[in-house]
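Biologist: Hi! Could you walk me through the charged and greasy spots on this one?

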Amino acid sequence: MSGWPSVGVIVPTRGDRPESLREAVTAVLEHDYPGELSLVVVADAPLPSHGRAPAPSMAADAPLSLDGRVRPASVVADASLSSDGQRPAPVVGDASLSSDGRVCAAFVADQVAERLRGESRVRVLGNTLSPGLPGARNTGIAACDTDLVAFCDDDDVWLPGKLAAQVRALRAGGGEFASCGIEVEHGRCRVPRLAGASLVTADDLVRSRMVMVHSSTFLFERGALWVDESAPGGQNEDWDLALRAAKRAPIVHVDRPLVRVRWAGSHYAARWADRIAGLEWMLARHPELAVDPRGAARVYGQLAFAHAALGRRREAARWAGRTFAARLGEPRAPIALAVAAGLVSAPTVQSALHSRGHGI
């Protein structure tokens, strides 16, 4: 196959998981992909409380190369979305970073430099948009000039053949957005999660979150979609992006486990208030979620569980009631009620589910 499209891979990071970050970056760069491949690591959020942070001497908006030298500032976008959630505002140049942003970018560049020194395909940027994961992803998209962009979280690992398989599937299916199966790692357990299909529709993503349509599997045409930075606490920005993509055209899915997703170190697992806000945001943004009985029951059950985890028994019971009304057989409602009653703890439930490759 000739004329492979160029791909820019975006790895957002807080700088607090240096070993995982190095593994993620190394796995991407070791891919045997015939086309042009580049990688943008986007540093976001405060520095970790330990480790050495090099004092930055560069201009506020200057991306770093791996040897610490200043590169010319990339053009970045003020990627606040239009009302349809698909197009960013006009591109502007030289968005400046705060002092903390400069230090965080320098710290992250220092983390990956030792292993990847001299690798010209990697840039390290600070998040120039809204703080948090959505802004970091959009900073990376805006910095790319490739045909396609792909995401990889800093605690996940691409497995061999992932990128080439997705590009082949996109070409064969004529789509603009691709995902693939995953292998969920929790402790010593690794569980494959597959879709059982080669296409994922919007209806599929309404009925089920489809964990295998994970952000670290995303590959899509640059400029076709942007991440919505209004997602509360960065929650469900990936589900929203996948839903919007599937509404344009079915997602092309390679149903093999080509990404290892590590759940043990997730930043989002126990941020219950953010999870509640994110689910309510999705219900408001995608009203069809409340129409499909199975999909509605799943979301309502998740809300019941999150309230139960916060000790809000009345709210947990209210959402459990809505869950039963939508679909009597939804298991999340009785689990939430058990947590609310103190019969089992939320972390115990999560751990048991994660070890089986499932989430709440």
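Modeller: Happy to; we can go through salt bridges, a histidine contact and surface patches. This is a predicted model, where local features need pLDDT of at least 70, side-chain atom pairs count only at pLDDT 80 or more, and totals for chains, interfaces and linings use all residues. Residues are numbered from 1 along each chain as its sequence is written, and side-chain values use heavy atoms, with hydrogens and water left out.

Biologist: How many salt bridges does the structure hold?

Modeller: There are 20 salt bridges, each being a side-chain nitrogen of Lys or Arg within 4 Å of a carboxyl oxygen of Asp or Glu. One of them pairs Glu23 with Arg262, with the closest N and O atoms 2.8 Å apart. Glu23 sits in helix α1 and Arg262 in strand β12, so this pair ties together parts that are 239 residues apart in sequence. Helices (H or I, at least four residues) and strands (E, at least two) are DSSP runs, numbered from the N terminus.

Biologist: Is Arg262 buried or exposed?

Modeller: Arg262 is buried, at 19% relative accessible area, while Glu23 is partly exposed at 28%. Buried means under 20%, exposed over 50% and partly exposed in between, using a 1.4 Å probe and protein chains only.

Biologist: Which residues are linked with Glu23 and Arg262 in a network?

Modeller: Glu185 and Arg190 are linked with them in a network of salt bridges.

Biologist: And what does Arg318 pair with?

Modeller: Arg318 forms a salt bridge with Glu315, the closest N and O atoms being 2.8 Å apart. They are three residues apart in helix α9, so about one helical turn separates them.

Biologist: Switching topic, what does the His214 side chain reach?

Modeller: It reaches the backbone nitrogen of Ser216 at 2.9 Å. His214 lies in the loop between α5 and β11 and is buried, at 11% relative accessibility.

Biologist: Now the surface: which residues form the nonpolar patch?

Modeller: Phe324, Leu328 and Leu337 form it, with about 280 Å² of accessible area together. Areas come from the Shrake-Rupley method with a 1.4 Å probe, and for residues only the protein chains shown count as cover. Patch residues have over 30% relative accessible area and no salt bridge; nonpolar side chains (Val, Leu, Ile, Met, Phe, Trp, Tyr) are joined within 5 Å, like charges within 9 Å. Leu337, found in helix α10, is partly exposed at 34%.

Note on methods: A polar contact is a pair of N or O atoms within 3.5 Å; within protein, one must be able to donate a hydrogen and the other to accept it, and residues adjacent in sequence count only if both atoms are side-chain atoms.
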